[in-house]
Amino acid sequence: MKAPNKNSGFRLPEDYLENFNDSLLNKIATSEESKIPNKEGFTVPKDYFDTLHKNISDKLEEKPTKVIAIQSYKKYYYSAIAAAIVLLFVGINLNKTVDYSIEDIANADIDSYIEYTDLNFSSYEIAEVVPIDNLDITDILDAGINEENIIDYLEDELDSFNEFNLDSYDY
Amino acid sequence: MIAEQTLLEELKQTETQARAFEKLVNTYKERLYWHIRRIVLNHDDADDVLQNTFIKVYRNITNFKGDSKLYSWMYRIATNESLSFLKSKSKKMGVSSVALQETLLNNLESDVYFEGDEIQLKLQKAIATLPEKQKLVFNMKYFDEMKYEEISEVLETSVGALKASYHLASKKIESYIKEN
């Protein structure tokens with residue numbers, strides 16, 4: 001950059017203009033993110049990554065051992081199944097079996113079944129069986145929701161509502 | 001980056017599977033580890049989740065349809081495994097997810113595998129205040145330096161929503177750090 005300097009008397013540091021773009025971009029990057037540190041401080045034990053594949057392979061090989069162990073108990077399973085069938089027939093013939101209904105199952109058992117079992121129901125499937133029209137918000141929540149909470153929720157969950165994210169949102 | 005298609009074919013064939021799996025683990029272990037570590041915070045938990053993630057990948061690779069990239073699929077598994085891990089941990093401890101986060105953060109101060117200074121600890125505390133999705137987006141964008149398109153594949157969320165999420169998360173973290 002050897003352009004004549006019309007501001008007589010003023011000088012520029014060497015290579016200032018050549019390096020201006022880089023230093024500007026650096027400045028923008030650091031000023032925008034300066035409040036957030038870019039290092040996290042997490043570390044890992046020595047050689048952790050070197051031994052990882054072996055550890056995983058060992059775990060994968062554990063499965064056949066378990067299968068062999070189950071095989072040796074096969075005869076007990078057959079006995080148990082046979083006993084269960086006999087009991088079932090005896091129960092039916094004596095007509096003493098109790099008709100179980102949904103009311104006989106403890107709510108806690110149902111809750112725990114739903115919580116721990118991957119039911120794979122979509123929201124739509126659940127919506128089909130839940131009588132939404134007959135439900136009131138107070139059936140689900142003990143306390144009412146105030147406007148402030150709704151605004152906080154929408155702010156936090158904005159990304160779940162695509163219609164709020166207009167195309168002009170370009171950061 | 002290894003050629004995914006070739007690796008995928010090798011992973012699906014019995015005779016090349018073991019070697020291909022080793023290649024897969026060695027290629028992605030660090031990226032996935034850090035992704036998981038940022039969610040579960042503790043090394044031992046991250047190790048458990050990472051191993052389970054690879055085991056799931058190994059056992060389900062034949063079901064991988066190739067609709068997304070292999071690494072996006074693995075990231076998705078890692079994310080789900082991490083979140084499920086935290087969920088079951090809070091249940092086992094009988095505490096809410098918020099209380100669990102607080103415990104994890106408090107433990108971080110005495111964790112031998114955390115060498116962060118005060119500001120880095122504050123950053124983790126700030127991240128912990130974010131809703132789950134924003135936390136994921138922030139970590140993936142800021143620390144993993146993933147593109148929005150890549151994050152979009154992993155989290156199955158539109159790029160526009162991700163941009164809004166990241167913007168909100170950054171602002172919240174900045175103001176948390178400023179105020180605390």
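## Helix H4 of chain B

Helices here are DSSP runs of H or I with at least four residues, numbered from the N terminus. Helix H4 of chain B covers residues 70–93, has 24 residues and reaches 34 Å from its first C-alpha to its last, close to the 34 Å expected at 1.5 Å a residue; the expected span is 1.5 Å times one less than the number of residues.

## Basis of the model

This is a predicted model, in which local features need pLDDT of at least 70 and side-chain atom pairs count only at pLDDT 80 or more, while totals for chains, interfaces and linings use all residues. Residues are numbered from 1 along each chain as its sequence is written, chains are lettered from A in the order in which they are written, and side-chain values use heavy atoms, with hydrogens and water left out.

## The cavity

The structure holds one cavity of 30 Å³ or more (on a 1 Å grid over the protein atoms alone, a set of points where a 1.4 Å probe fits but cannot get out; lining residues have an atom within 4 Å of a point). The largest cavity has about 40 Å³ of space. Domain 1 (1–95) and domain 2 (116–180) of chain B both give residues to its lining, so the cavity lies between them; the domain bounds come from an automatic or database domain assignment.

H6(B) gives the largest share of the lining, three residues.

## Arg38(B)

Among the lining residues is Arg38(B), placed in helix H2 of chain B. Arg38(B) is buried, with a relative accessible area of 8% (buried means under 20%, with a 1.4 Å probe and protein chains only). Its side chain is joined to that of Asp144(B) by a polar contact of 2.4 Å (a pair of N or O atoms within 3.5 Å, one able to donate a hydrogen and the other to accept it; residues adjacent in sequence count only if both atoms are side-chain atoms).

Note on methods. 1 Å grid on protein atoms, 1.4 Å probe; cavity = no way out; pocket = protein on both sides within 12 Å on 5 of 7 lines; lining within 4 Å. Points joined across faces, edges and corners; volume = space filled by probe spheres on them. Helix = DSSP H or I, 4+ residues; strand = E, 2+ residues; numbered from the N terminus. Buried < 20%, exposed > 50% of the residue type's maximum accessible area, 1.4 Å probe, protein only.
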